[in-house]
Amino acid sequence: MNPLVSESVECLDWKHKAIQKCIEKGIFNDEPYIMLYNLEEFRAKAKEANENLKGLQTMAVKCNPVLNLLKEAINNGLGAEVASYGELIMAERAGFEPSKIIFDSPIKTKKELEYALNLGCVVNVDNFQELEVIEKIISGFSAEKQASLTLGLRINPQVDAGKLEDLSTGVPTSKFGIGMEYRDEIVAAYKRNSWLKAVHLHIGSQGFEMDQTVCAVEKVMTLVKDINVELKQQISVFNIGGGLSVNFDTEVTTPTFTQYANQLKQRVPELFDGSFLLITEFGRGYWAKCGVIVSTVEYTKTSGNRNIAIVHVGGNMCVRTIYQHPIWKLRVSIFDGKGQFKDGEQDGLYVTDLAGPLCFAADLIAKQRLLPLVSQSDYVMVHDCGAYMISAYSHYNLRLAPPIYNYNINTTELELVKKGETIQQKVDFFS
Ligand SMILES: Cc1ncc(COP(=O)(O)O)c(C=O)c1O
């Protein structure tokens, strides 16, 4: 016998309490959908990363560029990895020290580079043409300023893709970084420029086993050691981007920063013996599991034999998952109008689609899931949405971005992190 299992998943206690608090406070009277965070979970993750990895842990701003959440990262001892001028300005505004801002990106303009270098950020160079631009800029700096700079080359270790090819940034033909095949040119660049004190790599995170990331680190470390023998330990900063996959299948965080650090310590001990400052740039590992999106069910209907519930979260918020379906499945939980979890025991289970608000047929947050009867005014909670959701927000159909709240598990109160977008802000964008 194969008993039917509800795909309205049980979830952590704070999520139950938070949705009930939102209902009690009447939040959904004004807002059809919201984001909810548990910042204690983020704080614990930042602490775990800092304690186990030492060096400088930065947060990838692209995953969550919300001012108050960036401030939270600062308060928890993180620096910032930025991938554009916009992210750089946001990081500066949040208050990150320039020396703790790492500027990556394959397309930094001369003006942007001048700004970042004058500010004193660490800059990772993506390609040889960018290096030429930087060499010209730096030649105009004083010797003292030149000596204060830290730049790195982003080396592409040219390794196999992970399970998700589209998220694999270290393959032999990647658009990111300088391939190891240019070994001689890489060595020459370090020889020419004493301010090249760092090395950077990032092969992707989601869909990678820790072992693959560590193998890529080992490969780059071999090159770095060779360069350091020749150039008297010129490279003193080893910068690893991302690398930790997120478990979207259950409520459990796996793998952990501790496990990752332990693998690195075992396989690349040089990173921890004082030879290098280790810089990391995690994004999803810190944030994805700390946040959920909750939407009211606006309407339900059947079309042919298809059960459909229409909700406010779809391709507007979950751009990468909806447009790249089925890159990975987002788990959902259904709650009734009073905030009680629905497991389907009372009313049975029905194959249902949760349809997003956008004008295209594939805008489905959940497709053909076995769910309890979903009724008008129920709530749908979408899990593991704390990273790369609000940051990838889509203006398509001019739907307003939701407000963000922290559910404080100590006081059991809601704290506003960011107001929802206003119609005026949306009109301004298109005006
Ligand atoms: C250079 C770099 N560093 C860090 C990250 C953050 O990766 P993740 O959020 O997967 O940890 C990315 C993600 O795209 C990246 O490109």
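These legends accompany several views of one predicted model, from the whole chain down to single residues.

Residues are numbered from 1 along each chain as its sequence is written. As the model is predicted, local features need pLDDT of at least 70 and side-chain atom pairs count only at pLDDT 80 or more, while totals for chains, interfaces and linings use all residues.

View 1. Helices (H or I, at least four residues) and strands (E, at least two) are DSSP runs, numbered from the N terminus. Along the principal axes, its C-alpha atoms fill a box of roughly 70 × 55 × 40 Å. Of the 431 residues, 43% are buried, meaning that 20 or more other C-beta atoms, placed from the backbone, lie within 10 Å of the residue's own.

**View 2. Residues 40–286, an annotated span.** UniProt, in an unreviewed entry, places "domain: Orn/DAP/Arg decarboxylase 2 N-terminal" here; such annotations may be inferred rather than shown by experiment. The span is 43% helix and 17% strand, and its end C-alpha atoms lie 11 Å apart.

View 3. The unreviewed UniProt entry gives Lys-62 the feature "modified residue: N6-(pyridoxal phosphate)lysine". Look for Lys-62 in the loop between strand S2 (56–60) and helix H4 (67–75). Lys-62 counts as buried because 20 other C-beta atoms lie within 10 Å. Beyond its neighbours within four places in sequence, Lys-62 is in contact (C-beta atoms, placed from the backbone, within 7 Å) with Ala-83, Glu-87, Gly-283 and Ser-391.

**View 4. The shell of 14 residues around the ligand.** The closest are Ala-60, Ser-205, Gly-241, Gly-242 and Gly-283. Strand S10 (277–282) and helix H12 (284–287) are the elements that give two or more residues to the shell.

**View 5. Strand S13 (residues 332–335) beside strand S16 (residues 379–382).** In a regular strand the side chains alternate between the two faces of the sheet. Here Val-332 and Ile-334 point one way from S13, Ser-333 and Phe-335 point the other way, and all are buried. S13 and S16 pair (at least two DSSP bridges) in the antiparallel sense over four bridges. Ser-333 has Met-381 of S16 as its bridge partner.

Key: A residue is buried if 20 or more other C-beta atoms lie within 10 Å of its own, exposed if 12 or fewer, and partly exposed in between; C-beta atoms are placed from the backbone. Two residues are in contact if their C-beta atoms, placed from the backbone, lie within 7 Å. A residue is near a molecule or strand if its C-beta atom, placed from the backbone, lies within 6 Å of it.
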